[in-house]
Amino acid sequence: MIRLENVTKIYGTETVAVRDASFDIPKSQFVFLVGPSGSGKSTLLRLINRQEQPERGDVWVAGRNINELPASRVPHLRRSMGNVFQDYKLLLNKTVFENVAFALEVIGKPRHVIARQVPIVLDLVGLADKQDRFPNQLSGGEQQRVSIARAFVNRPLIMLADEPTGNLDPTTSEGIMGLLDEINQTGTTVVMATHDHRVVNAMRRRVIQLDRGVILRDQERGVYE
Amino acid sequence: MFSRIAYALRETWESFRRNLTLTAAAVLTSAVSLLLVGSTFLIQRAFENLLVQWRGDVEMIVFVRSDASAEQVALIDSVLRASPTIIDIEKLRYLNKTESYEEAKRIFAGDPVTLGLLTPESIPTQFKVVPLSEDPLLVRSLSDQYRTLPGVEAVALAEDEFEVISTLSNFIRVVTLVTSLVLLLVAVGLIWNTIRTAMFARRREIEVMKLVGATNWFIRIPFMLEGLLQGLIGGIVSCGGLWVLNSVWTSGVTGFKPGTGISSLVVPDSYLTSVMFILLGIGAFVGAIGSAIAATRFLDV
């Protein structure tokens, strides 16, 4: 589903964010990218959804080299991916329902599809009864659930999560991980960047460890160390 | 499709409301600049009227020296009459000293200093010539010929008098055109700035839109519509201003005595209407350009 071949990403002229990274993530796998801040985890995610392009190497998604994709096709690539962030990136002037609906609205989905899909996915994340609340009226965990609902409402092939539990307490994090696991069970490939030991050790999934842009370890059913 | 249009219109309106002061500034600037553009058109047209009216009735004046003998005057008269195909002999008129002085009193009514230099004795007499020929070059060559006749002081062509008017109208045209172009650029800049502000205010939304796969056009169109609307509203305001301006001008000009040429400075309504459409077009275009630049430039948030 996702394949990186000798990818190097340099910011500016000096800063090497990712150096010669290669890995292959098959469909419906759950992968942790771990490492300290600045190790290149977020950059890898940004390379996969083409917010960044590598200086060297190729990034393949669903059988296509996305660096050769013309800019006009990038939106379509992104429609096959859901993104979840540490800071949720919810729109504060919209309700829970509207935040999730927004993702469908802006890719031109008709109203009846939105009216059908949004309640289903809100039910999945356990927020069916809070769809008219605004983000400020929700807890951090609930806000993250909204953002997961928004990422998942279009049924993407891939879910990219950048420190989704970074702002949450352990119990709430567990709930979020359960949700991501559930989404993974539906066949969605999940790539999650984190430095949360507890979460990684509890899940026992594939772990790719990075340090200063270099892959140190790539292990099936790994732990954080 | 319908939901996309509804979305674009809703977003445009929301953004419009949110940035009311900046929007007002952009609208007013474009209105003022468009008003100037419109005035340029009208002034141009008014002067053209003036010139066209005179050209249809072109006059040549052969001034005769005040000390010319009666024989010399008679010679000039016969030479003029020798070109009946070029000169309308029926309308050929000779103004003697008294008549010439009476006319001068009228011409220089507003200029007593010049009039003071003239006396009924020193004033040149004159032949008023109405040419039959429409060819200004032919008339001009004829005038060169008359100039060499004994007793002729000068030959004036109405055409030369026009040059003052056309120089004046050219000057006004250049000044208003340059001013309005500068103001139009300012309008583009202001619209550009309001769109930039609008985009900055909504950078979070734009970021989310890009991440969930909205196309750039989808993101851009509400902003471009907003700019277009600003330009268009500026255009509408300027049309109102132009209409008022033209009404005041028309009533002022028609108040003048007929035959002075001033009354020909009225611009017909049909022309005013087409100028208004041009202004609306320019307004919309300027708005779309300003916002398109901003929307493309600041889409990478």
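A residue counts as buried if 20 or more other C-beta atoms lie within 10 Å of its own, with C-beta atoms placed from the backbone. Keep that in mind for the first view of this predicted model.

**View 1. Helix 3 of chain A is mostly covered.** Start with residues 96-105 of chain A, which form this helix. Of its 10 residues, 9 are buried.

**View 2. Four strands of chain A make an open sheet.** Reading across, the strand order is 2-1-4-5, and the pairing is antiparallel. At the edges sit strand 2 (15-25) and strand 5 (64-65) of chain A, each with pairing on one side only.

**View 3. Strand 1 meets strand 4 within chain A.** Here we step in on residues 2-11, which are strand 1, and residues 56-61, which are strand 4. The two run antiparallel and are joined by 5 bridges.

**View 4. Chain B touches chain A.** Chain B brings 14 residues to the contact, and chain A brings 15 residues. On the chain B side, helix 1 (2-18) and helix 8 (203-211) each supply at least two residues. Helix 8 of chain B gives the largest share of that side, with 6 residues. Sorted by class, the side of chain B that touches chain A holds 7 nonpolar, 3 polar and 4 charged residues.

Notes: Residues are numbered from 1 along each chain as its sequence is written. Chains are lettered from A and ligands numbered from 1 in the order in which they are written. This is a predicted model: local features need pLDDT of at least 70, side-chain atom pairs count only at pLDDT 80 or more; totals for chains, interfaces and linings use all residues. Two residues are in contact if their C-beta atoms, placed from the backbone, lie within 7 Å. Ala, Val, Leu, Ile, Met, Phe, Trp, Tyr, Cys and Pro count as nonpolar, Asp, Glu, Lys and Arg as charged, and the others, Gly among them, as polar. Two strands pair if DSSP finds at least two bridges between them. A residue is buried if 20 or more other C-beta atoms lie within 10 Å of its own, exposed if 12 or fewer, and partly exposed in between; C-beta atoms are placed from the backbone.
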